[in-house]
Amino acid sequence: MVFRSLSRDTLAALVPELLLCGHLIDRCGMAYTIAAFGREGMAGVAIEEWQTASPVYTRRMQRALGFVGDGVDTIFKGMQLEIGAPPQFMDFRYRVHDHDHGEFWLDHCGALADVEPMGEEFVVAMCHDIEDPTFDATALATNPRAQVRPIHRPPRAPADRKPVCAWTVTIDASHEPPAIPPNSDVLADSAAAHVVLDPIDPDDVGQGDYAGPLLSDLRFGDFSHSALARIAGEVCLQQHLLTLGFRIAVRARTGEDEARDIVRKQFTGIAGLTAERLRRCLGAGDDGAGLAAVLSVHPALNPVPYTGVEVSRDGEGVRLHIPADSGARTDGTWPSMLDVDHLAPLNALARGVNPRYVASAVQAADGLTVDFTLADQPFAEASEVAVTRFSTGADFAFADRGKPLPLTVL
């Protein structure tokens, strides 16, 4: 897997980037669902995509990092490693009282910073309509008797209230498990749910699992090289699973062609913005080497056991091969959105490295081969990327918070 070829330090910087970029997927996708279905329809899509995706990828991460359990601390560990709660941008803080009781609150919420300017109705849609069922779906992956309930939440009163929201998590045998959302079986049976990634080497230097106490923050540099490579692959799968849930929810409200068009717009917006952030993270240039580096780690094209993509270079030109047969093709996630007539996501991606890049493609029996070459003049930014850039996450910078503190005693 390509992530294993990167240094431990590079991976430690890359993982939070992947988590943040996964969170920003909806900044583009939801703009187009609002246009197609209105605010209530947008909320419905968001609920369904997160409800169906979150339990699947949460259980994958639990197994990968060895923190399978049924208590509140296990729920909180899962939150720290998922695209719904990227570190610092969604600044979750946690308190564990015992196995069955805990609290969390957000000292900063990048999602709220994005939505508050849109007005109170959109704040209620996100912080009430969407959060209520999706928080319970996240907890469901750990314990079906867990309930997440608000202490307080936006709209904020006063307007600068901190923390911005606070919640309790309670596990009780008397709680009725939430209803299984429609299409959960599709995601649970998907290729993304079952793809096998490289195991973590227990002999690597550094933390090889998260079986110890819940920590106040995850300092990714403390993880071993192979653990970071596995986490990176899992976070990319989270994005594909969310996209699959999004596509299914959109398709339930419109026709197949319209759904593919909306998913391509979503793909285009996040592909370009993610490429910009990845280029900065990697310290890559705007030449062929820089583009190849970004393509090799971009979540839309990873993990390779799922997408099967190959990246190669020819001078300043870069070639991408997307096979006709892969888990991503089977599931209908991002790579399946590409063909010779639909290269906008790849153009946006490449122009996140250098605005002069242009993609051309040839379709053959073995898949789609895409060549990236430099034009004489730069291209204008895609409107889908401009929409995604609306988020404060576009320019968000991570900070070193020092050594994390244990929040539970084992």
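Tutor: Leaving aside residues up to four places away in sequence, Ala271 touches His298, Pro345 and Leu349, where contact means heavy atoms within 4.5 Å. The model is a predicted one, in which local features need pLDDT of at least 70 and side-chain atom pairs count only at pLDDT 80 or more, while totals for chains, interfaces and linings use all residues. Residues are numbered from 1 along each chain as its sequence is written, and side-chain values use heavy atoms, with hydrogens and water left out.

Ala271 belongs to helix α9, residues 256-282; helices (H or I, at least four residues) and strands (E, at least two) are DSSP runs numbered from the N terminus. With a relative accessible area of 0%, Ala271 is buried; the term stands for under 20% relative accessible area, with exposed over 50% and partly exposed in between, using a 1.4 Å probe and protein chains only. Although Ala271 and Pro345 are 74 residues apart along the chain, their C-alpha atoms are separated by 6.1 Å.

The next part to consider is a sheet. Four strands form this open sheet, in the order β5-β6-β8-β7 and with antiparallel pairing; two strands pair if DSSP finds at least two bridges between them. β5 (310-314) and β7 (357-364) stand at the edges with a single partner strand each, so one side of each has no neighbour in the sheet. From one strand to the next, the twist averages 20°.

The pairings can be followed strand by strand. β7 is joined to β8, residues 367-374, by eight bridges, and the two run antiparallel. These two strands form a hairpin, with two residues between them. Ala364 stands opposite Gly367 in β8, and Ser360 has Asp371 of β8 as its bridge partner. β6 and β8 also run antiparallel, and six bridges join them. There, the bridge partner of Leu320 is Val370 in β8.

Two helices pack on this sheet. Helix α10 touches β5, β6 (317-323), β7 and β8, and its direction makes about 175° with that of β5; axes are lines fitted to C-alpha atoms, for helices over the stretch in contact, and angles run from 0 to 180 degrees between N-to-C directions. Helix α13, residues 344-351, also packs on the sheet, touching β6, β7 and β8, with its direction at about 145° to that of β7. As for α10 itself, which spans residues 288-297, it is mostly covered, seven of its ten residues being buried. These are Gly288, Gly290, Leu291, Ala292, Val294, Leu295 and Val297.

The whole structure holds 23 salt bridges, each being a side-chain nitrogen of Lys or Arg within 4 Å of a carboxyl oxygen of Asp or Glu. One of them links Arg93 to Asp217, with the closest N and O atoms 2.5 Å apart. Arg93 lies in strand β1 (residues 90-98) and Asp217 in the loop between α7 (191-194) and α8 (225-251), so this pair ties together parts that are 124 residues apart in sequence. Arg93 counts as buried, at 16% relative accessibility.

A further salt bridge joins the side chains of Arg149 and Asp136, at 3.1 Å from N to O. Because Arg149 lies in strand β3 (residues 146-152) and Asp136 in helix α5 (residues 120-140), the pair ties together parts 13 residues apart in sequence. Arg149 is partly exposed, with a relative accessible area of 36%, whereas Asp136 is buried, with 11%.

Elsewhere, salt bridges that share partners join Asp91, Arg93, Asp217 and Arg401 into one network.

Finally, there is a pair of helices to describe. Helix α1 (residues 8-23) and helix α2 (residues 25-65) pack at about 10°, with their axes 4 Å apart. They are therefore roughly parallel to each other, a label for angles under 35 degrees, with over 145 counting as roughly antiparallel, 65 to 115 as roughly perpendicular and the rest as oblique. Cys21, Gly22 and His23 of α1 make the contact with Ile25, Asp26 and Arg27 of α2.
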